[in-house]
Amino acid sequence: MTDQHVPVRPEVRSATPWYFPLPEIHSLGNGLTVWAYHLPGQYVLSMELVLDIALGDEPDGRDGLATMALNCSDEGSESHPGFEMACRIEDIGAAYDGSANWWATHASLSVAAPYAQQGLELLREIVREPQYADADVARHQAIRRAEVDRARISSPALAAAALREAMWPAGSRQFLSASGTAADVAALSPQDVRDFHRIWWRPEGATLVLAGDLPSGLVEAACKLFGRWPATGLSPTRVAPVAAHGPSAVQLVDRPGAVAADLRIGMVTPGRRDEAWVPLQVAAMAVGGLFSSRLNMALREDRGFTYGVQAGLTAGRFNGNFSLRSSFRTEVAAQACREAVELLDIAGKPLSEAEAGAAIRYLVGIAPLRYDTADAIANQAAVLAAHHIEPGWVNDFHARIAATTPSDASAAFETIVSNAVHRQEARMALCGDAETLLPALEAEGFDVQVTAPTM
């Protein structure tokens with residue numbers, strides 16, 4: 001082989017620093033704020049309206065009303081009822097979606113840049129003047145009932161419902177499904193949905209997120225269009241929900257004859273604004289968020305109890321939440337539960353440099369891929385807006401992650417998670433064959449309560 005055929009090794013340069021973009025911000029007189037993210041080259045635009053609606057705003061006995069109002073909102077408007085609205089959406093190739101979460105309702109629309117103005121007007125129409133026809137509400141009630149029927153035969157769904165009820169006191173909105181129970185959803189009327197929209201879909205406290213290669217004049221048009229939305233004067237007080245306290249028995253949901261058992265462990269933690277949040281993220285990733293995490297290596301690779309274990313943190317407006325989930329063969333489930341609990345106690349074995357380093361590299365390194373589209377940027381911005389977090393939080397978060405030491409991460413996890421496990425205040429729910437699991441769990445030292453969660 002001559003020298004001219006020898007491949008030349010490419011030059012490898014250091015990665016350029018990546019930052020989450022910062023928006024252009026406009027505060028409107030009616031209480032609505034616009035966050036505009038100018039992202040050159042992103043020609044599919046994302047428009048997401050974040051409404052200040054908490055699930056606790058639903059009237060008593062009308063759980064699921066916020067979800068119903070969102071799900072029916074694009075079925076037709078006063079100007080374009082029924083099929084006409086579907087044609088409007090299809091004509092510009094738009095996609096409308098959304099969700100009603102604990103602290104906000106998200107109504108989002110994606111559209112190609114050439115149709116940006118039409119998309120903006122369409123979003124305004126869907127949000128401001130939904131028709132809520134009787135037939136549409138009835139259809140979505142039937143869809144929700146079908147979802148509940150599926151959940152009743154789903155082991156993971158039953159375990160998750162049992163854990164939720166163990167974590168929150170009975171009577172609180174957090175105790176029930178975000179989308180409502182079958183009984184409450186069945187009791188809703190179209191007028192209930194219309195009244196909820198009239199009262200709660202308002203500009204005060206709302207944020208409109210625009211992300212993409214925004215055409216010239218679009219931001220100004222958005223401010224003008226949504227600035228005409230009359231304020232209602234409604235300004236509710238939001239307070240942090242209070243979790244259930246004290247030791248708790250393992251909640252066991254019976255599925256006779258099941259060959260596997262689904263495990264859920266959870267606890268309420270401090271939220272994003274707490275100093276422990278960042279090191280706790282690193283620790284949670286090292287303990288259960290990576291394939292190489294302690295939980296996964298011990299229970300999957302070493303013991304062969306499961307196909308995988310996942311654990312991690314999520315945040316709300318006030319609190320955070322640590323959760324663990326997995327599925328085990330019935331005959332080893334009780335032993336696996338005991339070992340999982342023991343692995344969550346890191347007091348005697350703090351995180352090593354290698355464990356913390358792997359977690360930090362993942363959390364920081366995945367960001368450019370995680371936020372590589374306008375939709376991803378808009379979704380993250382919408383979450384920040386819903387939780388009243390400043391737009392620059394993501395960059396501060398990554399900088400603090402990179403500076404976290406193994407001792408910082410270990411201390412945060414031990415103080416919050418391991419101590420809760422010691423005090424038996426970490427909640428545990430299991431769904432499987434109670435005839436087999438109940439004596440096995442008791443033999444492992446667990447106090448067990450057979451339960452049937454509200455669905």
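The model described here is a predicted one.

Which residues of H12 are buried? They are Ala356, Gly357, Ala359, Ile360 and Leu363. Because these residues cover an arc of only 165° around the axis, they lie on the same side of H12. Ala354 and Arg361, on the other side of H12, are exposed. The cover over the buried residues of H12 includes helix H9, helix H13 (367-370), helix H15 (393-402) and helix H16.

## Helix H16: a kinked helix

Helix H16 comprises residues 406-422 and has a kink of about 40° centred on Glu414. Its buried residues are Pro406, Ala409, Ser410, Ala412, Phe413, Ile416, Val417, Ser418, Ala420 and Val421. Among the elements that cover them are strand S8 (260-270) and strand S10 (319-329), together with the helices H9 (277-289), H11 (330-343) and H12 (353-365).

H16 lies across S8 and S10, and runs at about 135° to S8. Just after H16, Gln424 takes a positive phi of about 60°.

## The six-stranded sheet

Six strands form an open sheet in the order S9-S10-S8-S11-S7-S12, and their pairing is mixed. The edges are strand S9 (309-315) and strand S12 (448-451), each of which pairs on one side only. On average, neighbouring strands of this sheet are turned by 20° against each other, direction ignored.

Another helix, H10 (residues 294-302), lies across S9 and S10 and runs at about 155° to S9.

## Strand S8 and its two neighbours

Strand S8 is largely enclosed by the rest of the structure, because eight of its eleven residues are buried. How many bridges pair S8 with S10? There are eleven, and the two strands pair in the antiparallel sense. Ala261 has Phe328 in S10 as its bridge partner, and Arg264 stands opposite Arg325 in S10.

S8 is also joined to strand S11 (residues 427-432) by five bridges, and these two strands run antiparallel. Here Ile265 has Met428 in S11 as its bridge partner. In a regular strand, side chains alternate between the two faces of the sheet.

## Positive phi values in two loops

Most residues other than glycine have a negative phi. Tyr132 is a residue other than glycine with a positive phi, near 55°. Tyr132 is found in the loop between helix H3 (116-128) and helix H4 (134-152). Its relative accessibility is 2%, and Tyr132 therefore counts as buried, the cut-off for that class being under 20%.

His388 also has a positive phi, of about 60°, although it is not a glycine. The loop that holds His388 lies between helix H14 (374-386) and H15. Is His388 buried or partly exposed? At 45% relative accessibility, His388 counts as partly exposed.

Key:
Residues numbered from 1 in each chain as written. Predicted model: local features only at pLDDT ≥ 70, side-chain atom pairs only at ≥ 80, totals over all residues. Heavy atoms only, no water. Bend = angle between axes of the 7 residues up to and from the residue. Helix = DSSP H or I, 4+ residues; strand = E, 2+ residues; numbered from the N terminus. Buried < 20%, exposed > 50% of the residue type's maximum accessible area, 1.4 Å probe, protein only. Contact = heavy atoms within 4.5 Å. Pairing = 2+ DSSP bridges. Axes fitted to C-alpha atoms, helices over the stretch in contact; angles between N-to-C directions. Arc of directions from axis to C-beta.
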